[in-house]
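Subject: Structure handover

Hello,

Here is the structure we talked about. Please open it alongside this note; the findings follow below.

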Amino acid sequence: MEYEIKPTEKFSLGTKELWQYRELFYFFTWRDIRIKYKQTFLGFAWALIQPLAFMLVFTMIFGKNISNTSVPYPVFAFTGLALWNIFATGISAAGNSMVSNSHIIRKIYFPRLIIPISSILVAFFDFLMTIPVIIVMLVWFKCSPDWASIWMLPTALLFAVIGTVGPGCLLAALNVKYRDFRYVIPFLVQFLLFVTPVIYPIDFIGNKTLQHVLSLNPMSAPISLFRGFVLGTPVEIIPCIVSLCSALFFFAIGIAVFRKTERTFADLA
């Protein structure tokens with residue numbers, strides 16, 4: 001008699017099964033963190049170097065031109081870059097995660113969603129490393145959070161992860177079958193950086209139609225909400241709702257495609 005072990009629900013998140021294997025989230029996340037910073041002289045400081053370097057470059061290039069921000073441009077740029085790195089690093093790692101873990105996939109069964117989600121949790125860990133720098137910058141530039149809007153903080157972080165999991169899982173599934181995506185992912189990340197309000201406020205774009213198009217970006221609302229709490233900048237409700245709906249849409253698409261194709265991963269990875 002033969003038994004086939006496979007996911008029981010093709011198009012669902014499979015929360016019950018993920019909960020049963022919850023220890024693997026810790027195992028894969030901590031493993032990837034150790035590998036990422038193993039034998040590095042600066043260690044976790046590398047999580048800060050990239051957003052700080054980009055902040056300095058963007059401040060020198062755009063700091064004087066973008067003058068309609070209500071806060072100093074360096075802290076404006078860094079807060080956007082800190083949250084953006086969850087998405088940029090997350091989808092890059094998740095997109096390549098199934099291929100890089102093919103040796104494990106072939107040997108044992110566990111919910112495959114754990115692998116790309118764990119890769120995104122590593123990116124979230126890097127974001128946590130930037131929080132002390134954000135606090136120092138707020139003190140240095142004499143900015144204060146809007147404590148009345150503290151609800152924006154967990155909402156921003158939650159939808160930043162949701163907006164990363166969907167595209168990350170979609171790219172992970174596509175990359176298994178079409179290895180061209182290993183070249184598409186870096187280009188996609190670079191392109192999306194400039195169509196996301198990371199280094200400029202959304203109202204800096206004069207064209208209203210283009211503003212609505214940019215609101216479809218799933219990271220637009222998390223960054224706006226994060227800045228709304230940390231810096232007290234105004235948040236436009238309608239564009240945020242559009243962006244949050246977009247994050248949920250891509251989340252559903254990414255999970256559906258991943259679950260539909262995951263049974264072939266062991267053969268293709």
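Buried here means under 20% relative accessible area, exposed means over 50%, and partly exposed is in between, using a 1.4 Å probe and protein chains only. This is a predicted model, so local features need pLDDT of at least 70 and side-chain atom pairs count only at pLDDT 80 or more, while totals for chains, interfaces and linings use all residues. Residues are numbered from 1 along each chain as its sequence is written, and side-chain values use heavy atoms, with hydrogens and water left out.

Serine 97

Serine 97 counts as buried, because its relative accessibility is 1%. It sits in helix α4, residues 73-100. Helices are DSSP runs of H or I with at least four residues, strands are runs of E with at least two, and both are numbered from the N terminus. The serine 97 side chain reaches the backbone oxygen of alanine 94 at 2.7 Å. Leaving out residues up to four places away in sequence, serine 97 touches Ile115, Pro116, Ser119 and Ala172. Contact means heavy atoms within 4.5 Å.

Threonine 15

Threonine 15 lies in helix α1, residues 15-20. Its relative accessibility is 53%, so threonine 15 counts as exposed.

Helices α7 and α8

How are α7 and α8 packed? Helix α7 (residues 152-177) and helix α8 (residues 181-193) meet at an angle of about 150°, with axes 9 Å apart. Axes are lines fitted to C-alpha atoms, for helices over the stretch in contact, and angles run from 0 to 180 degrees between N-to-C directions. The pair is therefore roughly antiparallel, a label for angles over 145 degrees. Leu171, Leu174 and Asn175 of α7 make the contact with Phe181, Arg182, Ile185 and Leu188 of α8.

The whole chain

The protein chain has 12 helices and 0 strands. Its radius of gyration is 19 Å, close to the 18 Å that the globule rule gives for 269 residues, so the chain is as compact as a globular protein of that length. That radius is taken over C-alpha atoms, and the rule is 2.2 Å times the number of residues to the power 0.38. The C-alpha trace spans about 70 × 45 × 35 Å along its principal axes. Of the 269 residues, 50% count as buried.

Best regards

Notes
Polar contact = N/O pair within 3.5 Å; in protein donor to acceptor, adjacent residues only side chain to side chain. Parallel < 35°, antiparallel > 145°, perpendicular 65-115°, else oblique.
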